[in-house]
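Please look at the structure below and follow its chain from one end to the other.

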Amino acid sequence: MSEHKNKKAQFAQPQKKRNLSILLGGGLGLVILILIGWNALAGGNSGRYPVVKTSQGQVLIPLAEVSDRSAHFFTYQASGTDVNFFVVKSTDGQIRAAIDTCVQCYRSRMGYRQLGEFMVCNKCNQKFHTSQINEIKGGCNPVPLGRVIAGNNLTIPEAELIQGAAYFRVNP
């Protein structure tokens, strides 16, 4: 090889390594952003909902906080597992409560969102009328929670939330 070609090859090599470093760094950065986004959509609570406390084996939620026909989301912490659930006053005037998942889509950890009178699964987009929550079980219906109105509070047994933790302990 001529001296000119040797010099040219010598200076061309670092350029290839630098481009490779840039590509690898950019790829790694993209993977990190995707993982952060996935965690935000499908991961645990990460401070997304107010954490409820128990008193004598019950979660007490003031009715005044959940009587506006909007879904209110909460988190119960069961032995290191965040259990997300929601409470909504349905169109028939009943206060309903359910785990923020279903038996079909729970691995995605995506939960539900409210769209008017319906709760919509964030994974499969199935709609469930609020008056059917706690009435219809299984499939993609929200997992029902037992609840009782006691005075000015909605009371949910802690045992129901502990049982619901199983839906949040699985790997997606």
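Predicted model: local features only at pLDDT ≥ 70, side-chain atom pairs only at ≥ 80, totals over all residues.

Residues are numbered from 1 along each chain as its sequence is written, and side-chain values use heavy atoms, with hydrogens and water left out.

The protein chain contains three helices and 11 strands. Here helices (H or I, at least four residues) and strands (E, at least two) are DSSP runs, numbered from the N terminus. In sequence order the pattern is α-β-β-α-β-β-β-β-β-β-β-β-β-α. Of the 172 residues, 35% are buried, meaning under 20% relative accessible area with a 1.4 Å probe, protein chains only.

Strands of a sheet pair through backbone hydrogen bonds, either parallel or antiparallel. Two strands count as paired if DSSP finds at least two bridges between them. In this chain, four strands form an open sheet, ordered β1-β2-β11-β10, with antiparallel pairing. β1 (54–55) and β10 (148–150) stand at the edges with a single partner strand each, so one side of each has no neighbour in the sheet. Strand β2 (residues 58–62) is joined to strand β11 (residues 153–157) by five bridges. V59 stands opposite I156 in β11.

Strand β6 (residues 112–115) pairs with strand β7 (residues 118–121) over four bridges, in the antiparallel sense. Q114 has M119 in β7 as its bridge partner. Two residues lie between the strands of this hairpin, where G116 takes a positive phi near 65°.

Notes
Buried < 20%, exposed > 50% of the residue type's maximum accessible area, 1.4 Å probe, protein only.
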